[in-house]
Amino acid sequence: MIAGLTIAAFSALAVAIFVATLTQRLSGQGLGMVGAPVVAIIAPEHLPSTLLILGLLIGAGAISLDVSAINWREARPGLAGRAVGGFIGAGIAALVIDPDLFAVIVAIIILVAIALTLSGLKVAITPVSLSIAGATAGIMGTLTAVGAPPMAILYSGEEAKRSRAMQNLFFLWGMFWSLGSLTFLGLVDRSDLMLALALAPAAIFALIISRPVAGLMDGRSIKPYALGASAIGAVTLLWRACA
């Protein structure tokens, strides 16, 4: 047993975290959309807390590789909105008790997030749009650890490094506020932390190899693969919850 899970279950989680971390680093989104369905199926009691704890490590590592591309002044409205959304999402999470209901919510949010990512919607980057996107991402991210799509829509037309850097900044900030809000409400416990620590090497390894992989992926998109994996996980989760 590792962190209360069988070796097979833990290994599946570690692989999912590795893939999700690599996707997050390379595209600015992916930890929640790829990782959340797997965690919800294998260890639902650790969602979203364990992913949020890992998100602090992953976000910090991703930002350190692209920090020069961050526009701190531009980011302020989005950061404020993300903090507010985190508190709102934590309040909603405190009201959700039924595991099957929570699984359905996770699956639906992931499918909506996929649809938003594929929509091709273009929104101008303004203080108002950043605030709204930040708040929406905060609610989604706190409930399920899937909060990237609102910001991904805003930065979809930007240069790759800038887009990745800004999204990872909002991601890290969001992990901090979402986790803090859930901890304040007593929804994070020691077992969540222990599982996150056990899975951390998979995330660190993904961050280490992400730099050479980024060079190999220049001009290519990993989005279809990430969205495909997310969709399969969400549909599987929905089927299990409703069966």
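In which segment does Ala3 lie? Select this residue to begin the tour of the model, which is a predicted one. Ala3 belongs to the segment before helix H1 (7-27). Its phi is positive, at about 50°, although Ala3 is not a glycine. For most residues other than glycine, phi is negative. With a relative accessible area of 34%, Ala3 is partly exposed.

Next, select residues 31-42, which make up helix H2. The helix has 12 residues, and the distance from its first C-alpha to its last is 16 Å, close to the 16 Å expected at 1.5 Å a residue. Is H2 largely enclosed or largely open? Nine of its 12 residues are buried, so the rest of the structure largely encloses H2. To display the buried residues of H2, select Leu31, Gly32, Met33, Val34, Gly35, Ala36, Pro37, Val39 and Ala40.

Continue to Pro48, in the loop between H2 and helix H3 (49-66). Display the backbone here: the peptide bond from Leu47 to Pro48 is cis, with omega near 5°. Most peptide bonds are trans.

Now move to Asn168, in helix H8 (residues 160-184). Is Asn168 buried or exposed? Its relative accessibility is 1%, and because buried means under 20%, Asn168 counts as buried. Which residues are in contact with Asn168, leaving aside its neighbours within four places in sequence? Select Gln24, Arg25, Gly28, Ala62 and Ile63 to show these contacts.

The aromatic residues are the next stop. Select Phe87, Trp173, Phe176 and Trp177, which together form one aromatic cluster. The count of aromatic pairs comes to six. When viewing a pair of aromatic rings, note the distance of the centres and the angle of the planes, since these two values describe the pair.

Finish on the surface. Which residues form a nonpolar patch there? Select Leu57, Ile204 and Ile208: together they have about 250 Å² of accessible area. Ile208 is located in helix H9 (residues 190-216). With a relative accessibility of 57%, Ile208 counts as exposed, because the term applies to values over 50%.

Terms used. Residues are numbered from 1 along each chain as its sequence is written. This is a predicted model: local features need pLDDT of at least 70, side-chain atom pairs count only at pLDDT 80 or more; totals for chains, interfaces and linings use all residues. Side-chain values use heavy atoms; hydrogens and water are left out. Rings of Phe, Tyr and Trp (its six-membered ring) pair if their centres lie within 6.5 Å; planes under 30 degrees apart count as stacked, over 60 as edge-to-face and the rest as tilted. Helices (H or I, at least four residues) and strands (E, at least two) are DSSP runs, numbered from the N terminus. The expected span of a helix is 1.5 Å times one less than its number of residues. Buried means under 20% relative accessible area, exposed over 50%, partly exposed in between (1.4 Å probe, protein chains only). Patches are made of residues with over 30% relative accessible area and no salt bridge: like charges are joined within 9 Å, nonpolar side chains (Val, Leu, Ile, Met, Phe, Trp, Tyr) within 5 Å. Accessible areas come from the Shrake-Rupley method with a 1.4 Å probe; for residues, only the protein chains shown count as cover. A salt bridge is a side-chain nitrogen of Lys or Arg within 4 Å of a carboxyl oxygen of Asp or Glu. Contact means heavy atoms within 4.5 Å.
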